[in-house]
Amino acid sequence: MAEVVAFAVPTESDKTLLVWELSCGPTAEDLQRSLFAAFSRFGLLYSVRVFPNAAVAGPGFYAIIKFYSARDARRAQAACDRKLLFQETPVKVRLGTRHKAVQHQALALNGSRCQELANYYLGFNGWSKRIIKLQELSDLEERENEETERRLAKRSLKVFCALEVVLPSCECTSRGVGVAEEPLDTLEEEESGKIAVEYRPGEEILDTASEEELHNLIEVCGDESWSVM
């Protein structure tokens with residue numbers, strides 16, 4: 001049976017492994033590297049986090065490992081539970097046991113994580129993307145008086161993007177839209193008062209879609225509140 005791997009931060013219990021009875025000899029950083037090497041053989045990892053045991057449990061560490069794929073997590077659990085792996089004593093590995101009734105809001109991955117995930121499952125040359133439209137929504141040019149500047153100090157830089165992903169081997173495309181927002185106090189500001197935004201060339205911005213096509217795309221994605229001019 002095929003598995004759908006979402007481009008979202010994995011929060012499900014069936015994608016989470018708890019590893020304990022880790023030796024107290026190595027440092028947490030060394031254990032993190034060893035765990036990553038051992039478990040990444042079964043699939044792409046989202047995170048490996050190592051924590052010291054509670055005082056009542058004695059010296060040592062435990063770890064929480066998150067996979068993007070529930071199937072990969074099950075394979076890793078079955079293969080690594082009660083095995084020596086990288087230390088002289090066996091470790092214990094269990095799948096997460098969070099109650100199924102607990103619901104978590106899906107959190108989107110950042111751009112580098114999305115590319116890493118796509119490259120892993122589709123291949124480096126198995127997909128491509130192009131920007132259909134990129135537009136600033138925050139209207140940062142309005143600085144008429146001090147009151148306006150005080151309001152802007154609490155605002156954020158907001159950018160709308162419509163993107164198309166192409167899978168050549170499947171001869172299919174998929175379009176989506178999103179809004180990225182960054183607080184102004186985290187951005188560099190030049191002496192002129194203008195916001196310094198870094199542009200990283202690497203793909204041509206192709207504004208080829210009509211306004212009607214963009215409006216329909218926003219409706220399909222379920223948010224008609226974005227006004228794209």
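Predicted model: local features only at pLDDT ≥ 70, side-chain atom pairs only at ≥ 80, totals over all residues.

Which strands does β1 join by bridges? Strand β1 (residues 16–22) is joined to strand β3 (residues 61–67) by five bridges, and the two run antiparallel. Within this pairing, L18 has I64 of β3 as its bridge partner. Strand β1 also pairs with strand β4 (residues 92–95), again in the antiparallel sense, over four bridges. Here two bridge partners may be located in the structure: L95 of β4 is the partner of L17, and K92 of β4 is the partner of W20. As a general rule, side chains in a regular strand alternate between the two faces of the sheet.

**Nonpolar cores**

In soluble globular proteins, nonpolar side chains tend to be buried together. In this model, the largest nonpolar core has 20 residues. The residues with the most contacts inside this core are L17, V19, L22, L35, F39, I65 and F67. Two or more residues are given to the core by each of β1, α1 (28–39), β2, β3 and α2.

The surroundings of F39 illustrate how residues from several parts of the sequence meet. When neighbours within four places in sequence are left aside, F39 is in contact with L17, V19, L45, I65, F67, A76, C80, L85 and V93. Another core, of six residues, lies apart from the largest one; V5, V9, L109 and L117 are among its members.

**Aromatic pairs**

A pair of aromatic rings is described by the distance of the centres and the angle of the planes.

| Pair | Arrangement | Centre to centre | Angle between planes |
|---|---|---|---|
| Y46 and Y68 | edge-to-face | 5.8 Å | 85 degrees |
| F51 and Y62 | stacked | 5.3 Å | 25 degrees |

Y46 lies in strand β2, whereas Y68 lies in the loop between β3 and α2, so this pair ties together parts that are 22 residues apart in sequence. Y68 is buried, with a relative accessible area of 1%.

The pair of F51 and Y62 also links distant parts of the chain: F51 belongs to strand β2 and Y62 to strand β3, eleven residues apart. F51 counts as partly exposed because its relative accessibility is 22%. Y62 likewise counts as partly exposed, at 28% relative accessibility.

**The three-stranded sheet**

Another open sheet consists of three strands in the order β5-β6-β7, with antiparallel pairing. Why is one side of β5 and of β7 left without a neighbour in the sheet? Strands β5 (128–136) and β7 (172–183) stand at the edges and each has a single partner strand, so one side of each has no neighbour in the sheet. The twist of this sheet averages 20 degrees from one strand to the next. Strands β6 and β7 run antiparallel and are joined by twelve bridges. One example of a bridge partner is V177 of β7, which is paired with A162.

**A buried glutamate**

E164 lies in strand β6 (residues 156–167). Is E164 buried or exposed? The relative accessibility of E164 is 9%, and therefore E164 counts as buried; the cut-off for buried residues is under 20%.

With which side chains does the side chain of E164 make polar contacts? A polar contact of 2.7 Å links the side chain of E164 to that of R130. The side chains of E164 and R175 are joined by a polar contact of 3.0 Å. Apart from neighbours within four places in sequence, the residues in contact with E164 are S128, K129, R130, I132, T173, S174 and R175.

Definitions and conventions. Residues numbered from 1 in each chain as written. Heavy atoms only, no water. Pairing = 2+ DSSP bridges. Buried < 20%, exposed > 50% of the residue type's maximum accessible area, 1.4 Å probe, protein only. Polar contact = N/O pair within 3.5 Å; in protein donor to acceptor, adjacent residues only side chain to side chain. Contact = heavy atoms within 4.5 Å. Core = buried A, V, L, I, M, F, W, Y, C linked by side-chain atoms within 4.5 Å. Phe/Tyr/Trp six-rings, centres within 6.5 Å; stacked < 30°, edge-to-face > 60°. Axes fitted to C-alpha atoms, helices over the stretch in contact; angles between N-to-C directions.
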